[in-house]
Amino acid sequence: MIADHRAADDALTLILETLDEDDEEAMRAHNRAADRCLDARRAMNTLVPVTMGGLQALVAHYVRYEEYTDGFERIGAALEGCDSTLRLSMLRVEIIKSDQDVEVANRPTVPDVIFAHRTAWDAFQIAPHEDVDLDAAYEAQSDMQAAFDLVLTAPCTARIEALALRAHLQWWLAEEAELAADYQPQYAIAQARATELGMLLNGGVP
């Protein structure tokens, strides 16, 4: 496609250098060449490189024809010296893996979520009743529920974290037993998570 566009553009440039707009035949030849150049340009717009070499060639082509020159010159300089056989799909895998590593690194730890939930739970206990301050009551409840959602989904990376999370869940289940129906399905999920942690801590599921 790059070669097709280059040939079409060169042919149109050659015609334009000697074009006599009063010559009908010359104008028809010009229009045909312009159409071929436009078709080649449209085909270029659909081109998706799959290797680093293809991307390098595409950037160099855009720079040659002075399209988005400043930006593509910077991209070309950055790509210079890269392995031309590298498949861009593999690069995408590395980017995804890097994003996943960042996500894991930024994920709150078990002690973090336990502390946040206990803080939000304590705040909810002393929050104004909804008859006194509806907004404050709803905000405290929302904060508590959001913090508990993180408790239910927190991954354990060490035995000590699993022990701490199980103890926190058991505490919460006992505290809210009378209101279990109001906390569904979170209450049932918490029960299942506590049971699961207990089996894992005792040697796993038989």
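Student: Where does H168 lie?

Tutor: H168 lies in helix α8. Helices here are DSSP runs (H or I, at least four residues; strands are E, at least two), numbered from the N terminus. Keep in mind that this is a predicted model, where local features need pLDDT of at least 70 and side-chain atom pairs pLDDT 80 or more, while totals for chains, interfaces and linings use all residues. Residues are numbered from 1 along each chain as its sequence is written, and side-chain values use heavy atoms, without hydrogens and water.

Student: Is H168 buried or exposed?

Tutor: Buried means under 20% relative accessible area, exposed over 50%, partly exposed in between (1.4 Å probe, protein chains only). H168 has 7%, so H168 is buried. F115, in helix α6, has 62% relative accessibility and therefore counts as exposed.

Student: Which residues does H168 touch?

Tutor: Contact means heavy atoms within 4.5 Å. Leaving out residues up to four places away in sequence, H168 touches I114, H117, R118 and V151. As for V151 and F115, they are 36 residues apart in sequence, with their C-alpha atoms 9.7 Å apart in space.

Student: How many aromatic pairs are there?

Tutor: Rings of Phe, Tyr and Trp (its six-membered ring) pair if their centres lie within 6.5 Å; planes under 30 degrees apart are stacked, over 60 edge-to-face, the rest tilted. That rule gives four aromatic pairs here. Take W172 and Y183: their ring centres are 5.3 Å apart and their planes sit at 70 degrees, so this pair is edge-to-face. It links distant parts of the chain, with W172 in α8 (residues 159–175) and Y183, eleven residues apart from it, in the loop between α8 and α9 (186–201). Both W172 and Y183 are buried.

Student: What else does W172 touch?

Tutor: With residues up to four places away in sequence left out, W172 touches H117, W121, F148, Y183, Y187 and A190.

Student: Which residues of the largest nonpolar core touch the most other members?

Tutor: A nonpolar core is a set of buried Ala, Val, Leu, Ile, Met, Phe, Trp, Tyr and Cys residues joined through side-chain atoms within 4.5 Å. The largest one has 24 residues, and F148, L169, W172 and A190 touch the most other members. At least two residues come from each of α6 (110–125), α7 (134–153), α8 and α9. With six residues, α8 gives the most. There's also a second, separate core of five residues, including L12, A33, C37 and A40.
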